[in-house]
Every structure is written in C-alpha cells, then in structure tokens.
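Here is a short briefing for a reader meeting this structure for the first time. Take a look at the sequence and the model, then read on by topic.

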Amino acid sequence: MSDLMKLTLAGARDALRAGEITAVELAEVSLAAVAASKPLNAFVHDTSEIARSQAKAADARIQAGDAPDMCGLPIGMKDLFCTKGVATQAASAILEGFKPQYESTVSQKLFDAGAVMVGKLNMDEFAMGSSNETSVYGDAVNPWRVDERVLTPGGSSGGSAAAVAAETCLAATGTDTGGSIRQPAAFTGITGIKPTYGRCSRWGIVAFASSLDQAGPITKDVRDAAIMLEAMSGFDAKDSTSMNLPVPNFEAALTGDIRGKTIGIPKEYRVDGMPDALETLWSEGRQMLRDAGAVVKDISLPHTKYALPAYYVIAPAEASSNLARYDGVRFGHRAKLEAGDGITEMYEKTRAEGFGPEVQRRVMVGTYVLSAGFYDAYYNRARRVRALIKKDFDDVFAAGVDAILTPSTPSAAFGLGEMTNADPVQMYLFDVFTVTVNLAGLPGISVPAGLDSQGLPLGLQLIGRPWEEGDLLNTAFALEQALGFNAKPNQWWR
C-alpha cells in the first residue's frame, strides 16, 4: 500500500475509478507518509480528520458515478490559502490563532472537485522569500540531499514542493508572486505552473503583492498540472481581477504534437556564473524541441535586466499596503502592553513582534518607495519599466513566437543558511528568470530537466502566451517526454 504515494494524480484517479483502490485507503497512506516526513518540516497544521471525512465522501461520489478528476486525491494546502475553521497563519506569528470562517475560492473549488486535504503546508512568511527560511514554523527541508548537506526546497512554496517531491501527497497548491511555484519545483525535481494572472481567483488567499500574486498547482508531472489547474481555475465575482473566461480541458490539450510551433530563446537569460550542467540542459532542451518539430530561434527581451529592481520596488510597495491591516486589533497576535501604552504603542509592538525580519525589511522598503518624496522616483518609474517588460513579451508573441524556453533558476538548490547569512540581495538574484513572468502577467511552467554535477535537480522554464495554458502545457508535455527525467530523492528522512 505504501507504493500508492508513487502514483501520479492521473494514475490514482484511474485506479479509483476502476475500483482498484479507495479514497479512504489512499488518504490513510498519505497521512502515514505525512507523519513519517517530520524531518522535512513540510506540514505545519494537521487536517487528518478533515481528510478522512473528505475521503469517505469521495468514495461515495465515486460509487455514485459522480467523480470529477480530483475526486479522492490527497493534496496539501499551502498555509496562504484560507481554510474554514483551520489555522491559516501565512507562516507568520502575527496571524497566530487565526482560523478563517470562510474558504478561499481555490480551496473550495478543489474540495468541490472531491480533493482530500491531508494538511497545511510550510512556506516563507507572507510568501516573502526564496528559501522557506522566513517561516515562523522553521525551515522546510528539501528531500534531496548530497553528502549530508541540508538544502532549501525553495520558496515561498517550499513546503508544497517538499511534500510532493517526498511523495507524502500527490500534489499541492502553491502561489507565485515572483517565482514561488516554479523555483521550488525546479529545486525539488517536480513540476509547477503559474497560470496567467486572473486565471485562478485570489479571493481568500492572504495577499502579498496583489498585482503579482497567482495561485497554481505543484505536481509530479505535466499531466497532473493540467488536471489540477483545471480544477483550480475559473471566474470569481469576489475577485475583481478574475477573468471571466471558460476553463479549457487542459488535459485534453496534451497531444505532444508541437510541430510548427515557434520557440524563442532569449539572449538576456544567459547570466554570468551559470553552471555548465544548466547551460548543457538548456541546449539539450532546445534540440529536443527541434527534434519534436518546433522551430527554435533566438529572440531578445531587452528590458529583462531591469526586471529584478522593478519587481523589488513594486512587490514591497504592494506588501506594505496589504500588510497594514495586521495591527492586533481584530485578529491574530496582539502584543502585551505596559501601563500608559496607547494605540500607537500597540501597533508598534504588535507589528514588531509579529513580523519577521524579512517581512519588516520589505514593508519598510515598500513604505519608503511610496512616500511623498520618492513615489515618482521609485514606484512610478518601476511601473513604467514593468510596462516595457510586458511590451517586450507582447512584441515577441506578435512576431509569431508561441513559447519561450529559459532555465528556471540560475543553479540547483543551495544550502539552508548559505544565503540568509550573507547579503539578502543575493537571495533575490535567484528570482532572475522568474519575476519577468509575474510582471507581465504571463503563464510559466517549470519542468524537471536533469541533475547538476552534484546530483541535484535542475529545471527548465517555458513561458507562454496569455490565456494559452493549454498550448503551454502541451509544449511542456512534449519537452517532459523528451527529457525523460525520473530521478527521485533517496528518502533519507524515513
């Protein structure tokens, strides 16, 4: 039975429908795997009783012949998604004790489709981080390990990636503001897709940067990403940025036929210090797409070099506004006050105690760039740069490019503590290949491509046209089939 966690979503779905297994059996195996994975610190809130109840209901639906694709499948839920009656802290001390009385739209859609939530997952505090080291719950740990070196699973969706890569659940939700689905997927040898901004509702997701945040699935392979993304997607009147478009059958788009498609290779994504193994995989990926019948050509995205500074002005600015609501008045942590303290002291002490150093840093940066003397010099200038970055992509797609192939990250996973003990800006550089996609509102997917010289996973990223996730997934599917990546971590934590 323990082998059930080796199944994909598609494989488990088919086995459930064929009566070979039950949702209750699958849930129990997943819960046992969760319990055995404590050294990874991927799961932070227990929802085992909810999972058992959902699994029983899923079995009833399957018996009745009313089984959507996600019915009975065990997943993990990132702690950023509000779940009714279940602790939702966004990995922050300031939301200690918060149990929402409502369900996020994405989690509700998954539950409506019969998904089984086996736990809430670790993450960087308020999704601010690239290594899962800013969490109030402590570091999540990458299931991949070389020579006892403890590695980051990436961030901010580090717990989600670690849980899926460790085969404790079949898939997980993530959010992506600057690469927080794609980077952890690349670091852990699995697949993650950030859909077009507006494809998945943001309602009920604890906000970081509202013009950049987007939910998406973290899965074992591209087919699973297609299945789960369809269940998560759809218009939501409660989210003013949600697009009222029909949701395609993404799995049906996976033909693997990409003949005649044009794939762009941006020269600006060649960066100094890129490992030889990553450059080789990128080159091999280009050749594999050619062999599959695609036309591969060099392109230019000239404003790419300004993406990181623009992102690290816009995202903190929006965060400083969004996080102003956490003040200790209505919910979450409230600092103990001394005699004579007033409301100002309550705000100051609560926020100083409740927010970690990285969140404080970004709130301060965001407040600074929005201040009267610097609004035009920083924030408005960054918005103009963002428009130019989007135009770069628009021009390339208008010229006939169907998708863009890049590395997902500049290197494989780094060790926990290696970046946080140095200049924090070094950590920000790991978003260099991913932030452009968020700034332009485009869909992007990371697929596992191979191993570096140490035996750690590396990913390749495909960037697609807006609202064309089906085509993007199909191109990723063709690349995945050609790459044939099937390496797994050695399960040292068991």
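Glu-167 is buried, at a relative accessible area of 8%; buried means under 20% relative accessible area, exposed over 50%, and partly exposed in between (1.4 Å probe, protein chains only). The model is predicted: local features need pLDDT of at least 70, side-chain atom pairs count only at pLDDT 80 or more, and totals for chains, interfaces and linings use all residues. Residues are numbered from 1 along each chain as its sequence is written, and side-chain values use heavy atoms, with hydrogens and water left out.

**Salt bridges**

- The structure holds 26 salt bridges, a salt bridge being a side-chain nitrogen of Lys or Arg within 4 Å of a carboxyl oxygen of Asp or Glu.
- Glu-167 pairs with Lys-6, at 3.5 Å from N to O.
- This pair links distant parts of the chain, 161 residues apart. Glu-167 sits in the loop between helix 5 (158-165) and strand 4, and Lys-6 in the segment before helix 1. Helices (H or I, at least four residues) and strands (E, at least two) are DSSP runs, numbered from the N terminus.
- Lys-6 is partly exposed, at 49% relative accessibility.
- Glu-358 forms a salt bridge with Arg-361, and their closest N and O atoms are 2.2 Å apart.
- Glu-358 and Arg-361 are 3 residues apart in helix 11, so about one helical turn separates them. An α-helix has 3.6 residues a turn, so residues three or four places apart point the same way.
- Glu-358 is buried, at 12% relative accessible area, whereas Arg-361 is partly exposed, at 35%.
- Asp-257 forms a salt bridge with Arg-259, with the closest N and O atoms 2.8 Å apart.
- Asp-257 is partly exposed, at 35% relative accessibility. Arg-259 is exposed, at 64%.
- A network of salt bridges links Arg-13, Asp-14, Arg-17, Asp-69, Arg-223 and Glu-251.

- Helix 1 covers residues 9-17, and its buried residues are Leu-9, Ala-10, Ala-12, Arg-13, Ala-15 and Leu-16.
- Contact here means heavy atoms within 4.5 Å.
- Arg-13 is buried in helix 1 and also belongs to the salt-bridge network.
- Gly-19 follows helix 1 and has a positive phi, near 80°.

**Helix 9 against helix 11**

- Two packed helices are described by the angle between their axes and the distance between the axes.
- Helix 9 (residues 307-322) and helix 11 (residues 357-369) have axes that come within 7 Å and cross at roughly 100°. Axes are lines fitted to C-alpha atoms, for helices over the stretch in contact, and angles run from 0 to 180 degrees between N-to-C directions.
- Helix 9 contributes Tyr-312, Val-313, Pro-316, Ala-317 and Ser-320 to the contact. Helix 11 contributes Arg-362, Val-363, Val-365, Gly-366, Thr-367 and Val-369.
- By class, the contact has 7 nonpolar, 3 polar and 1 charged residues. Ala, Val, Leu, Ile, Met, Phe, Trp, Tyr, Cys and Pro count as nonpolar, Asp, Glu, Lys and Arg as charged, and the others, Gly among them, as polar.

**Cysteines**

- The structure holds 0 disulfides, a disulfide being a pair of cysteine sulfur atoms within 2.5 Å.
- The closest cysteine sulfur to that of Cys-71 is in Cys-169, 17 Å away, so it is too far for a bond.
- Cys-71 is buried, at 3% relative accessible area. Cys-169 is buried too, at 0%.

- Most residues other than glycine have a negative phi, and most peptide bonds are trans.
- Gly-155 and Ser-156 are joined by a cis peptide bond, with omega about 5°. Ser-156 lies in the loop between strand 3 (116-121) and helix 5.
- Phe-126 is not a glycine, yet its phi is positive, about 50°. Phe-126 lies in the loop between strand 3 and helix 5 and is buried, at 1%.
- Asn-132 is not a glycine either, and its phi is positive, about 60°. Asn-132 also lies in the loop between strand 3 and helix 5 and is buried, at 0%.
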